[in-house]
Amino acid sequence: MSVEAKIQETEPKNAPLSTCTTCPYCGVGCGIRTDGVTLKGDTQHPANAGRLCVKGSSVLETLGDQDRLLNPEVDGEVVSWDQALDEVAGRFRRIVDEHGPDAVAFYVSGQLLTEDYYVANKLMKGYIGSANIDTNSRLCMSSAVVAHKRAFGEDVVPGCYEDLELADLVILTGSNTAWAHPIVYQRIVAAKQARPDMKVVVIDPRRTATCDLADLHLAIRPGQDVPLFNGLLTWLDDNKALDQAYIDAHTEGFQATLETARRQGNDWEALAAKMGVSKVDLTTFYHWFAACERTVTVFSQGVNQARNGSDQGNAIINAHLATGRVGKSGASPFSITGQPNAMGGREVGGLANQLAVHLDIDNPAHHAAVADFWQAPALATKNGLTAVELFEAVSSGEVKAVWIMATNPVDSLPEADKVRQALMACDTVVVSDCVASGDTLACADIRLPALGWGEKSGMVTNSERCVSRQRPFVPAPGQAKADWWIITEVAQRMGFADAFPYQHEHDIFAEYSALTAVAGQFGKRLDLTGAADLSADQYAQWQPQHWPLNGDPRCYADGQFSTPSGRARFVSCENPPARQIGDAFPIILNSGRIRDQWHTMTRTGRAGRLFAHLSEPFAALHPQDIERYRLQEGGFVRLTSRVGDALVRVTRDTGQRPGTAFMPMHWTDQFSRRARVDALVPARLDPHSGQPAFKHTPVNVSDWQPRWHGWLFTAASPPAVEYWARVPVDAFLQAGQVQRYRLAGDADLTEQQLHDWLPQAAQWLALNDPATGHYRRAALDKDGHLLAWLAIGETLPVCDVDWLADCFAVEADIQHMAILAGQPADAGPDLGPVICSCFQVRQKTIEGVVEEGADSVEAIGKGCQAGTNCGSCIPELRGLLETCTS
Amino acid sequence: MKRLVVVGNGMAACRLLEELTRLAPDLYQITVVGDEPFAGYNRVMLSPLLGGGTDEKTITTHPHQWYRDRNIRLITGTPVVAIHRRRRQVETAAGHLLDYDRLLLATGAAPRQLPVEGVTLDGVVSFRDLYDVRRLLSLPAARVVVVGGGFLGLEAADALVKQGHDVTLVHSRGHLLNQQLDESAGHRLQQDLEARGLKFVMQARTQSIEDNGQGAVAAVHLADGQRLPADYVVQAVGIVPRAELAASAGLTVNQGVRVDDTLQTFDPAIYAIGECVEHRERTFGLVAPLYEQASVCASHLAELGHRRYLYADSATRLKISGIDLVSCGDFLGDRGKGTEQGETLQLNLPGSYRRVQIRDNRVVGMVLYGDVSDAPFFEKLWKEKTDIGALREALLLGEVFCKRPGDSDEHSEEVAA
């Protein structure tokens, strides 16, 4: 029985909002109810209790077959699944046989479901025999994983969302929660409204939207989290605010850690100055931390994506251990993840330095237990290549075949241009994706159409360890298949059919849940054993549950940790070395999310309304820097770093620290000419986690003043100009989604270039004003339908964006003059037909003249010129005179 | 009552009679002498008549009854052959001797003759009056060569195509209507007319017309050696003021009958209007200035004379085969000197073309082809020398889009909300 048939069996279709699933976006993991037409937050889901953010609310607008990858392709040719799977299995098998298992790699994603992840991990580590499987979670969470493992002996987030509502002090550090995790932020907002005494501290070099909620914003210099939290530890010690009993009973390594922390001294004035904040603000924060037993510290990418991201995480956890605030109601450190299933991936072991179920590759006992459970013939014995290393190995030829699933490393890895070059040169690049065009897909030899959200079925784990079902409610487009199915088929064709007998995602989840029993043998908290005997029906009916299943939603409240000694470990965190800002690259560039976009926009980029907030890639700079570097607000800035460059718009933001800039991470070559922030970011990694330092790129900025600006509307790809950025104008157009491009350029766009660019145009409407450089063009096909609309000028030409978008849907009768105008003709009152064509005088005008007393043809002519030239309308004028006067 | 004799019964004369009989119905005993055997008709409508789009009755603007109603004596079908100024008397070919106190010359213009051998052959015709049209309408399906790509030639050629003839138009310049259109519009017109079956030979000078041996047309020979077989030749290479009568009466004649700003000739009893006159070294071929002359002249004849005729440049409005054309001013931006100055704005749409020439932020000329709905708007800007700086982006799109120059697009410049 096919997957689809089973779904139909268990999930009745077309019942009102009958499908309970979770949002495909951030790590909050909100529940959604939908019937495919309308969508609401799931009031029963513990993460959101019915709330949804703008991205989640508009997710249905991103569905549809447009730009979907529908068929398997090998070397550019559409092939059958059998051919494609044989090809993947054959090529991987050949390379493994010739060069050994470490010559192949998988690069997977927090967008995969737990079942997909589990199968991929089992195939690579257990059967191919290499640990070369890493995930894009390396880019967002791996420092937190290291911090958790070092402190707790296991990658466990101790708290849950409810703690944010129970806390008296919520610290948000390295997190623009308002934009990146909107529902978590809304829960804090609601809690603070209910309990105004609750305090919120935001620690961020930028004044972000999250600061609206803050009682205190500590705008520390970038990279100062360790000194800040080391200072906190010292301050707690100085002020007798430590929980010595907890430290003694449940932790180890405190003294060494405190000594390291104290090394920077306790001159709060000097420390505040070093961090770039006032002493009052600094000590206020320390006071509040000391005073509030119920304190939650939320940390996210601003902490993780640094060269010392692991230490930054541990510095935070140290302060919580020193005050006994871990896993307690309203008191915990709280790493929140970026992706919907980053946590699920970490659980199954989808990182190159994990084995499976929170166990380690280099631990012989762990290794033996997992090998036994899987009956794995070749279980990897050493850690694999982490994301950045992996693509360096592709570049060097060490890795000869890479299979990329549901992620876009050509845009998301540091030194992204190098990644592209590496993939272009690689022997075999397989990409599984649900979209047809993307910067990584462009490098693929083999493309495999995967199911997307709303089609696929399986489990995800959110930031608070809550395991939820994603359920399908729309049919698979074209030949698209579930990732677990694709991997399973390849595993079978590589000769591992016995170990990969999966018929349904339920089979996989049950096996994975059973494997967590092995984790339990080694004292791990990860425990899904209660689901190991789940029936298919129970799997279908799964309700969101925290792991450990049937337990407290919190971990470690009892002070018993996952380390061999059962004690939590303090980790000494050295302050990072002071870095000189060079003249060549004087600005520190930070990158991150904006409110309405997600990752590389493959989904959010399909919904026009998600661009209403921020429509173009930009660099936000402080007004002082805009002036200092002679930039123009709203103008263009070229950013260059040691490894790359970008061209984006300038946004003025007093929330930036002078000397810093912020760029969104979302824009790819599919959405703008040159706005990939990660092309700028050098590959500098945290030594423990391998996570790149995305938040701290030295760059130079320079003004670019294009000779012309323009608008382009078309479903075609843009012509070659220096700057373009696009926005979809209508998500539901069938005939190819029309995009609105903002253009700018220096070089003239010649007539010949335009004709070469759009050879299918049968007619070009044109308006030329060469003296001012103002040009407009509308291209029509042979049936008169609009194919493209272009207007350029020294300043941005005026047009009515919404009206123009509608023109693309109009079947006929396109009013040419209005089209070129880019706005509807407001014809004014209807004056009837033209009577005098020489002077274009219309009937109502003539009648008006007659009513005012004109009694002859000559008098009409005096009144309105009608009939005073060729006279051919005079008979009609006589007729009008008679009818009006009779 | 004073006696007024009007020589000519064309559009200028008719317009004058209308004005005069309205201003001073009882001042004159009026006699009109027309050499055509018709009452007053609208010459502009001859093309539609030839093309089958109207009939003679419809284009007759002033039937015989109209003259009778105003006690005007109308003598048709005979030309005036002499003016006896001392006796204040005119003489017609039919022998009428008509005394006058005031004489008005409105003798119009004649088609310019091709200065080539064979122009007098049978089958070489003009396109000027109702008689010509009747003759052209009576032709059996034939090969016709029209010489001249100006307004009249095009109208004749287009009408003849509609009548089913095989028509080739020969024009001496690179594009049609070169007095009124720039190259783009001229080429468009050619394409549009070609699509309707008209053939063109451009940049072609007519060398001679070949005799078929029986005194009739056999072919047209061009300077480059081409031979165009033809049964008929329509010559449409411009008009010449008909001023022989005035000249023979001793009035001052240059290109046309010289008149002053009151439309008076050098003889205070004699006025002249229309295509036969020369006013301030200018002759006339379009209807608008003729009407203005008629109006000014009528006021003087009515003895209410205080107005002066001053030529006002106005837009030329033409309609060829249903295609509207308007042109005015220095539309090439070369001030007639061949080297372009200023700035050109152009709009190209299917079936429609606009060119507006700008100098110092002012419209100095234009060509409109096809959609001429905005001609009055552009003409006003041109005449009033309006500063078009603020309108420039939408100018060519017309008045409707110029009314809202301040509209801006909410998405236009904001990157960040």
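This is a predicted model: local features need pLDDT of at least 70, side-chain atom pairs count only at pLDDT 80 or more; totals for chains, interfaces and linings use all residues.
## The contact between chains A and B

Between the two chains, 43 residues of chain A are in contact with 40 residues of chain B. On the side of chain A that touches chain B, two or more residues are given by each of strand E24 (645–652), strand E30 (763–769), helix H28 (816–821) and helix H31 (874–885) of chain A. The largest share of this side, six residues, comes from E30(A). Sorted by class, the side of chain A that touches chain B has 22 nonpolar, 16 polar and five charged residues.

## A buried strand in chain A

Strand E6 (residues 104–108) of chain A is largely enclosed by the rest of the structure, because five of its five residues are buried. From E6(A), A:Val104, A:Phe106 and A:Val108 point one way, while A:Ala105 and A:Tyr107 point the other way, and all are buried.

E6(A) pairs in the parallel sense with strand E14 (residues 401–405) of chain A over four bridges, and in E14(A) the bridge partner of A:Tyr107 is A:Ile404. E6(A) also runs parallel to strand E7 (residues 133–135) of chain A, to which three bridges join it, and here A:Val108 has A:Thr135 of E7(A) as its bridge partner. To pass from E6(A) to E7(A), the chain crosses through helix H4 (residues 114–128) of chain A, and this β-α-β crossover is right-handed.

## Two packed helices in chain A

Helix H10 (residues 225–238) and helix H12 (residues 254–262) of chain A pack with their axes 8 Å apart and at an angle of about 110°. An angle from 65 to 115 degrees counts as roughly perpendicular, and H10(A) and H12(A) are therefore roughly perpendicular to each other.

On the H10(A) side the contact is made by A:Asn230, A:Leu233, A:Thr234 and A:Asp237, and on the H12(A) side by A:Leu258, A:Ala261 and A:Arg262. By class, this contact of H10(A) with H12(A) has three nonpolar, two polar and two charged residues.

## The surroundings of B:Ala272

B:Ala272 is placed in strand E21 (residues 270–272) of chain B. This residue counts as buried because 31 C-beta neighbours lie inside 10 Å, where the cut-off for a buried residue is 20 or more.

When residues up to four places away in sequence are not counted, B:Ala272 touches B:Leu105, B:Ala246, B:Val257, B:Val259, B:Leu263, B:Thr265 and B:Val277. The C-alpha atom of B:Val201, a residue 71 residues apart from B:Ala272 along the chain, is separated from that of B:Ala272 by 39 Å.

## Backbone exceptions in the loops

Most residues other than glycine have a negative phi, and most peptide bonds are trans. In chain A, the peptide bond from A:Trp547 to A:Pro548 is cis, with omega near -5°, and A:Pro548 is found in the loop between strand E19 (545–546) and strand E20 (568–569) of chain A.

A:Gln840, a residue other than glycine, has a positive phi near 50° and is placed in the loop between strand E33 (834–836) and strand E34 (841–842) of chain A. A:Gln840 counts as buried because it has 21 C-beta neighbours inside 10 Å. In chain B, a positive phi of about 50° is found at B:Arg88, although this residue is not a glycine, and B:Arg88 is in the loop between strand E6 (80–84) and strand E7 (89–92) of chain B. With 18 other C-beta atoms within 10 Å, B:Arg88 is partly exposed.

Notes
Residues are numbered from 1 along each chain as its sequence is written. Chains are lettered from A and ligands numbered from 1 in the order in which they are written. Two residues are in contact if their C-beta atoms, placed from the backbone, lie within 7 Å. Ala, Val, Leu, Ile, Met, Phe, Trp, Tyr, Cys and Pro count as nonpolar, Asp, Glu, Lys and Arg as charged, and the others, Gly among them, as polar. A residue is buried if 20 or more other C-beta atoms lie within 10 Å of its own, exposed if 12 or fewer, and partly exposed in between; C-beta atoms are placed from the backbone. Two strands pair if DSSP finds at least two bridges between them. A crossover is right-handed if, with the strands pointing away from the viewer, the path from the first strand over the helix to the second runs clockwise. Axes are lines fitted to C-alpha atoms, for helices over the stretch in contact, and angles run from 0 to 180 degrees between N-to-C directions. Angles under 35 degrees count as roughly parallel, over 145 as roughly antiparallel, 65 to 115 as roughly perpendicular and the rest as oblique.
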